[in-house]
Every structure is written in structure tokens, then in C-alpha cells.
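Hi there,

Here is the structure I promised to pass on to you. Have a look at it first, and then read my notes below.

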Amino acid sequence: MRAIITSLNEKQTILIVDDSMLNRALLADMIGDAYRIIEAEDGKQAVAMLQKEGTGVSLVLLDYVMPQMNGFDVLEVMNKNGWIKDIPVIMVSAESDAAYVERAYELGVTDFINRPYDVNIVRRRVMNTLMLYQKQRTLMGMVADQVYEREKSNNLMVYILSHIVEFRNGESGMHVLNVQAMTEMILTQLVRLTDQYALTADDISLITMASSLHDIGKIAIPEEVLNKPGRFTDEEFAIMKTHSAVGSDMLDDLELYKDEKLVRVARDICRWHHERWDGRGYPDGLAGDEIPISAQVVALADVYDALTSQRVYKPPFSHDEALRMIRDGECGAFNPLILECLAAVADDLENRLNRGVTGREIAVDTLHLAEGALDNGAAEASSRTLELLDYERMKYHFFASMSNEVQFEFTEEPPMIVLSDWGDRKLGLPEIVMDPYNDEAFCSVFGHENLAELSRLLRSSDRENPLVDMEMEVTVNGETRWLHALARALWSDENPPTYLGSIGKFIDIDDRQAELRDLQFKAYHDPLTEVVNGAFARKVIVERLGDGDDCDRDTDRLVLAVCDLDFFKQANDTYGHQFGDKVLQHFAERLQESVRGGDVVARVGGDEFLICMECPVDPRPLIERIHGSLEGEFEGFPLSVSMGVATTDDGVRDYDELFRRADVALYYKKRGGRGGYAFYDDLSEAERGSVIEGATALSGIDRSDADQ
């Protein structure tokens, strides 16, 4: 991998930002071919490139007077995002006003190059700045490595000391590590929940480390008491309770180091981690926030791990039972805010603690470097880390180009979306889109409604549940396609958090949607004639018939007609079934042509079809016209059609009853002479009864070919 990183960084990248193409070309020529040159014609493009390239940019040559965002605006964004610490900026301008120069230096500018340009000055200042920052990165890397090793050693020493105490107590050391892990989880959740306790990331790291020493006072407890398997006597319990005061006294006796922050925090935890929120703890009977927050959190972690661990005097309780006992106050009273934090992290506890394996290893790779180690409190990444970041960025762009997914990064301020290289070609959009919600080309692809919904979902997420996915129909090069959007919202660490933007990808699912549409079509349509099938027709007609107040039963008239091809059996017997299939297909086409696009046409079985129409006027002329358009001949075979018609005029809104009436009218017509149509409402009660008495089954789905 080292060889790969080296090859990637053979040419350092310089970003030239100037709205004048001529100025950019002059600077590029003066710098020469020893560097990789990228250009931006305004401030917003510059920010977008910095967002995309990150620390891959080694130097920025920045003009002041530009459209969109001027040079100072770019510097403010670089300061806000922390880029100015790692990426040097040389201001290129004809401006020489003292206030202007002072403002630029305040915003982090490293040097100035004045117009007109001098080639030697440009080259020398570029080289000097790059060399200075390279040396600074190397030096910071060396210091950061030293700090890392020191923090690692300190943590190991604390762990070894606490492990000695656990060893006397007949335990494996898991208790110390579990309390440490749980303390960090609860404190991290606490700062998200409230700003009542002013805890920084360094405070959390320090309390987490100090928590390892909470039981150091047990080293003075006699072993016969410490490891007694049964219940303590009052005298033994009194001896055991002294460990909290003994531990704090031991730390107070460290004359040379008792004022160190770690020692002071550890002392508080040792003395007061058995105090309780209601004042019923020991040794001092403190209550509420009289107890330092560090001791409150360690107390809860200590109780939870004691409950869920094997002890000489008890078996372990389950995770859920331990949570219940703590929640119900069976183990003493705790700060309600901390209990709320425990509930929030409860699902992750068992995975984080890795109980019953080999013990939770010290997470030396995630140690927090102490503030103040470098540059007035800001610990910088080593040069090795920066190289690895460059390598990871290269991998990201490579896999993005190979995945056929449109990957993106969106920033809220300034509003900007950066698309992956393959993505901009796929969508026909530029790689960088400024203010995408108001960009005409971008909105024409994704649609205003889709973008508004995606934005709503992202902004309604939170840091615990930041993932969003939705499917959307977009327009690419005039063609409609389906995309699946999978995005992760980015939130600040403030309380309340601020929405910063999102990262994610658009996956083309148009082929999958086409398959689903095809399956849906097959499920709803007759495979031979491609009109809808009886089941789907029933569903649609039931919806149109309505229920209760869904329709006006006096004016909302529906007409349902069942159509049957007379003598169809002769077509199969005389010309074969393939010809019969053609007859059915021809008949279905004629039937669809004779009605409106919104009317229902369905094949309900054999040679029997159904149509359902809205008809606010007298339906008889309509049925007469439809029947006339259906009769005729197909390739020499005469087409004779019988139809039975029922309407909702008398208030019937039940599909089965409506279909039964149309079927009765159809069967009456076929028995009285085929060809023509009959309305159920026109039949007398005797005529309707004669059909029912003489028929074994009414529906054409159930009748045999002989009946037809």
C-alpha cells in the first residue's frame, strides 16, 4: 500500500481560484508541470473542489474579487470546516490596502503574491509554502506519534493497576473494562441529551480513563471479606464500605501529582461512586448534583456490570433483568437523566461489552489525544494519517466510478452537491451543482417534489437514526427512469444539532421496476387478449360502486354488460384452437375500441367478456352502438354476440348482485335466440325466474362448451 500512496502523491495538487481564465493560465504556466493543477472560476467552485479533494489539495492560490463568493468568503468556509489548518492559502491580488491584508492574515492566509506576476516570485513562494507545510506535517506527525505512545502507556499503566485490584477480588479484569466502556457510552449520550453538564470530548476521555481506578481502595480490604461467598455481616459490610474513602485518601496522598486533573477526577470517582441520587449512599450521604457527574455515571456503570457479571456470592442476571432492577430502584436511586441515557444505549451495551469472550481489549486506536498537545489545543493528524486519507479518497473515487451508482455529497452551507464522476455522466448533470434546489437543470432531472420530500426526510432524521431511503421517478435525457435514493444525514455535535448536509447514492432500479410492472401486468391481465382479468375487474368495479356516502346513488349510474360470442365452439372445432385464439383477440380489440379509455373491459372466462361503464344518460343507445360494432365477421367466420345488461338504477351497489343480473339477462337472450342484447330491468319476474329454473349455472365461467 505504501507504494500506491507514494505514486498517488508524486505530484502535489495546487488549486488556482480566479474568475479570469487568463490569470489562471498565467499562474499555471509559471508554476510548471511539476504539480497537478486544478482550477475554479469562482468561490463556490473552489469550495466544491475542496469538499471533493480534501487534503489532496496541497496549496490554494486564491483571488479576492470574484463572483458568487469572494476570496474572504472562501477563507471563512475553510476556517469553518477546519480545512485552513491543513491546506495553505496564498492570496493572489492587486489589492495592497493594509486593512485588506490584515483581514486575510486573520483568516489564515500564509502569503501574498501581487499582480503583475513575477515568474520567479510565484515559483519560489509556491515552493517555500509547500516545503514549509510538508515539514510542519512531518513534525506534527512525529509529535502526534509521541503523544499517542504516551497516552497508550498511561492507559496501560492505569489498566495494570486496576487489574491488580480486580485480581485480588478474584475477577478477570473485565469489570474495569466494562465500566470504562459503559462510562464512555453514557457520557457521550449525556452531552447529546443536555447541555446541563459542560463536558468536552477531553473530559469524557479523562473520566473514562479515571473510571478504571474506581475500586482502587479495595486493595486495603482483607481478602476474607473481599471474597466472601455469602452475605456480609454488619461488621464486614462496614469494612467493605471503607474502600471508597480509602481509595480517595490514597490519591490525596500523591503529593507530587494530587493536583493533576486525572488524579482529581479519579479521586472524586473513588470517594463518591457509591453515593446515590436520593442521599442514601455512602460515605458522605451526598444527594442530587452534589455528587460529581463523573461519580454518578461510574456508579451506574458499576451497578450494571455487577448485576450482569458472575460473582462469588451470586450468578449473573440477564441484560434485560439488570435494566429492570435499575429502572425500578432495586439498586438505589440514580439521576433520571443518566437513566434516560442508559435506556438510549441499552441496545448497544451487550455488543460493546463483549461479555464472556476474552475480555474487551484496550481501544488504543481510539484514544483521544489530550488538548493542548499541539498548536494551542488542536491535536493535528500525522502525515501518515493524511496519506491514508488520500489513499481512502482515491479508493472512494475508483469504486464510485466502477459501481454504476450515482454517489453524492451535499453540503448545506454553501448549498452544493458534488456527484461522482460516473454519476454526472449518467444523469447528464455537471459534477458540481451549486444551489441544487434552485438549479433548473438539476430540478428538471429529479423533480421539485422528489427533492422536497428527500430534503424533508433528511431534515426530520437525527444523529441516532440518520439513514433515509426512498424511490423516485426521474427524467434523464427525456427518458423516465426509477432511482432508489439511499442517504445519510450529517449533523453537528452541537446541542441541539445542526443539519450540515448528507452523503449517499442514487441506484438505478428502472430494470427492477420494469420487471415489477411486467409481473403486475401479468397478474392483472388475461395473457391471451391482454384485457384485464375477472379478479382485477371485480376490484376496480367494487371501488367504483362505492360504499355508504362514497357516491351519489341517484346520479352515479354504472352499466355492467356481460358479452358472449355465439357459436364460438364451432370456430375451434372447424378451424382449430389457434384460430379460436385469434377470434378472441380480435373480439377483445373490437370491444376495447367500442368503449372509452376509462371504462373496464375484462375477460371473465372462455368466450365471455365484461364491460363496465359510467353512463349518466339512457344506456340503451350506447349498448345498441356497442353491440353493432361487435358483430360482423373475422377471416370468414361470422361474429354473433349476445349481451346481458344490468344497471344501478334501482340502487343495487353490490358487484355480485349486479353481475348476477347481467348474467341472467345474457342467458335469457341466448335461450330466446342468440345475437342481440337484453336488459335485466326489461325482464318480467316470470322471465327472470324461467332463466333461473332452466339453468344449472348462470356464469359463463361455469358453463360447459356444450351450453355455449
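What follows is a walk through the features I found.

One thing to keep in mind from the start is that this is a predicted model.

If you want a place to look, Phe-410 stands opposite Ser-502 in S11.

How much of S15 is buried? Six of its seven residues are, so the strand is mostly covered. Its pairing with S13 is antiparallel, over seven bridges, and Leu-558 stands opposite Glu-614 in S15. The pairing of S14 (residues 600–605) with S15 is antiparallel as well, over five bridges, with Val-600 having Cys-612 as its bridge partner in S15. S14 and S15 form a hairpin with two residues between them, and Gly-606 in the turn has a positive phi of about 55°.

S13 (residues 558–565) also pairs with S18 (residues 641–647), in the antiparallel sense and over seven bridges. There, Ala-561 has Val-645 of S18 as its bridge partner.

**The helices**

A pair I would point you to is H4 (residues 71–81) and H5 (residues 98–106), whose axes come within 10 Å and cross at roughly 20°. That angle makes H4 roughly parallel to H5. The contact is made by Phe-72, Leu-75 and Glu-76 on the H4 side, and by Tyr-100, Arg-103 and Ala-104 on the H5 side. As for handedness, H4 passes H5 in a left-handed crossing.

H11 has 12 residues and reaches 17 Å from its first C-alpha to its last, close to the 16 Å expected at 1.5 Å a residue. Its buried residues are Val-263, Val-265, Ala-266, Ile-269, Cys-270, Arg-271 and Trp-272. What covers them includes helix H8 (201–210), helix H10 (234–252) and H12.

Is Thr-183 buried or exposed? At 0% relative accessibility, Thr-183 counts as buried. Not counting residues up to four places away in sequence, Thr-183 touches Ile-207, Thr-208, Ser-211, Val-297, Val-298 and Ala-301. Thr-188 is also found in H7 (residues 174–193), but counts as partly exposed at 27% relative accessibility. Between Thr-188 and Leu-199 there are 9.1 Å from C-alpha to C-alpha, and they are 11 residues apart in sequence.

**Backbone details in the loops**

- Pro-283 is in the loop between H11 (261–272) and H12 (293–308), and the peptide bond from Tyr-282 to Pro-283 is cis, with omega near 10°.
- Asn-477 is in the loop between S9 (467–476) and S10 (479–491). Its phi is near 55°, a positive value in a residue other than glycine. With a relative accessible area of 71%, Asn-477 is exposed.
- Glu-635 is in the loop between S16 (632–634) and S17 (637–639). Its phi is near 50°, again positive in a residue other than glycine. Glu-635 counts as exposed, at 54% relative accessibility.

Happy to go through any of this with you.

Best wishes

Methods. Residues are numbered from 1 along each chain as its sequence is written. This is a predicted model: local features need pLDDT of at least 70, side-chain atom pairs count only at pLDDT 80 or more; totals for chains, interfaces and linings use all residues. Side-chain values use heavy atoms; hydrogens and water are left out. Helices (H or I, at least four residues) and strands (E, at least two) are DSSP runs, numbered from the N terminus. Buried means under 20% relative accessible area, exposed over 50%, partly exposed in between (1.4 Å probe, protein chains only). The expected span of a helix is 1.5 Å times one less than its number of residues. Contact means heavy atoms within 4.5 Å. Two strands pair if DSSP finds at least two bridges between them. Axes are lines fitted to C-alpha atoms, for helices over the stretch in contact, and angles run from 0 to 180 degrees between N-to-C directions. Angles under 35 degrees count as roughly parallel, over 145 as roughly antiparallel, 65 to 115 as roughly perpendicular and the rest as oblique. A crossing is left-handed if the near helix is turned anticlockwise from the far one by less than a right angle, and right-handed if clockwise.
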